[in-house]
Amino acid sequence: MRYVALFAALALPQAAWPQQDAQAWLNKMTRAVRYLNYEGTFVFMHGGAVDAMHIIHEHDEGGVRERLISLTGETREFIRDRGVLTCVWPGKHSVVVEKTRSQHGIPATLPADTEGLYKYYRFQIDGKDRIAGKSCRIIAIKPKDDLRYGHRLCIAEDSGMLLKSVMLNAAGTPIEEVMFTSLNLLKNIPNRRFKSTMINDDVWQRAAIQSTPLELKADASWRIQMMPPGFKVTANTKRIIAADPTPVQHIILTDGLASVSVFIARLRSRKALFEGTTHSGALNAFARDLNNYQITVVGEVPEETVEMIGKSIAYRPNAAH
């Protein structure tokens, strides 16, 4: 579901936006998400694979409603309705319903505010393009070091819609791309458009809404001793979920554009231990063992960044006070 949200940043009514101010384009785009209703088709390209999805999206004072239908690969459907996510797999006759904390579709790769990012990124308008039949302005976001990725966004000139997003590595090579192929902005969307059309009268395997994970006090003795410049911890929680009785501590750090998650859990079995690095598209992960705890660092940042963070994690009881 991560890439599904890449196009929930839409648009204020047409306005005389500053033509040479990249920050103004980005700020208007990210603030405008609350006014968006749309239907369209987009493709997600990563690691040589291409996925296509049809999306119906509405945002009002009650929250987000969104329905996605796969157009490639396994048939599947995802419906998000104001905090409840329903996942449907017709081929498996399976339905899973769970709560989601996401309040809107703005992805982590879009800044809510560019003011604090000047030290670590350069922003510039980099020409024009045409996507899904609409003229768009290209905004380049270039990191000042190799510890974070760059981005090229194509924002519709008439509405402010994000039509295309490309994530780039240090060499400027695209590693992940999301692009609309068709898009219609809508005033109102009938309720029936958010109902599943894939569930029939056959016997289906169903999982009810999961109970809220048990919240525990986070252990402040876990310390990240080395973070890339500009990154800071924005959340530190500890929970027990129904699927696994082992508490998991989750630390989130971000520079305002890129974000990284750190997961810490006591090992139940040495056979379950994973160590080393792995990646999928723009997502990199690093894992290690520390005193029988599995440390896992995951984020849409370069491999060197997750390694830096993961190798610097230590347990320092005295440093917590």
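Trainee: How many disulfides does a search of the whole structure find?
Mentor: One. Keep in mind that this is a predicted model.

Trainee: Which cysteines form the disulfide?
Mentor: Cys136 and Cys154. Their sulfur atoms sit 2.2 Å apart.

Trainee: What hand does the disulfide have?
Mentor: The torsion about the S-S bond of Cys136 and Cys154 is about 75°, so the disulfide is right-handed.

Trainee: Which strands do Cys136 and Cys154 lie in?
Mentor: Cys136 is in strand 8, residues 134-143. Cys154 is in strand 9, residues 150-156. The pair therefore ties together parts that are 18 residues apart in sequence.

Trainee: Are Cys136 and Cys154 buried or exposed?
Mentor: Cys136 is buried, and Cys154 is buried too.

Trainee: Switching to Cys87. Why does Cys87 count as buried?
Mentor: Because its relative accessibility is 7%, and buried means under 20%.

Trainee: OK, cores. Which residues touch the most other members of the largest nonpolar core?
Mentor: Leu26, Tyr121, Leu253 and Val262, in a core of 31 residues. Helix 1, residues 22-31, gives the largest share of this core, with four residues.

Trainee: And what does the second, separate core include?
Mentor: That core has 23 residues, including Ile55, Cys87, Ile138 and Val178. So Cys87 turns up again here.

Trainee: Back to Val262. What does Val262 touch?
Mentor: Leaving out residues up to four places away in sequence, Val262 touches several residues, among them Ile224, His250, Leu253, Val297 and Ile309.

Trainee: Which residue in strand 20 stands opposite Val262?
Mentor: Val297. Strand 17 (residues 259-266) and strand 20 (residues 293-299) pair antiparallel, over seven bridges.

Trainee: How many bridges join strand 19 to strand 20?
Mentor: Seven, and these strands run antiparallel. Strand 19 covers residues 283-290. Asn284 has Gly299 in strand 20 as its bridge partner.

Trainee: What about the hairpin of strand 19 and strand 20?
Mentor: Two residues lie between the strands. Asn291 takes a positive phi there, near 55°.

Trainee: New topic, Met226. Where is the place of Met226?
Mentor: In the loop between strand 14 (222-224) and strand 15 (232-241). Met226 has a relative accessible area of 47%, so Met226 is partly exposed.

Trainee: What does Met226 touch?
Mentor: Met308, Ile309 and Ser312, not counting residues up to four places away in sequence.

Trainee: How many residues apart in sequence are Met226 and Ile309?
Mentor: 83 residues. In space, C-alpha to C-alpha, Met226 and Ile309 are 6.0 Å apart. Ile309 also touches Val262.

Conventions. Residues are numbered from 1 along each chain as its sequence is written. This is a predicted model: local features need pLDDT of at least 70, side-chain atom pairs count only at pLDDT 80 or more; totals for chains, interfaces and linings use all residues. Side-chain values use heavy atoms; hydrogens and water are left out. A disulfide is a pair of cysteine sulfur atoms within 2.5 Å. Buried means under 20% relative accessible area, exposed over 50%, partly exposed in between (1.4 Å probe, protein chains only). Contact means heavy atoms within 4.5 Å. A nonpolar core is a set of buried Ala, Val, Leu, Ile, Met, Phe, Trp, Tyr and Cys residues joined through side-chain atoms within 4.5 Å. Two strands pair if DSSP finds at least two bridges between them.
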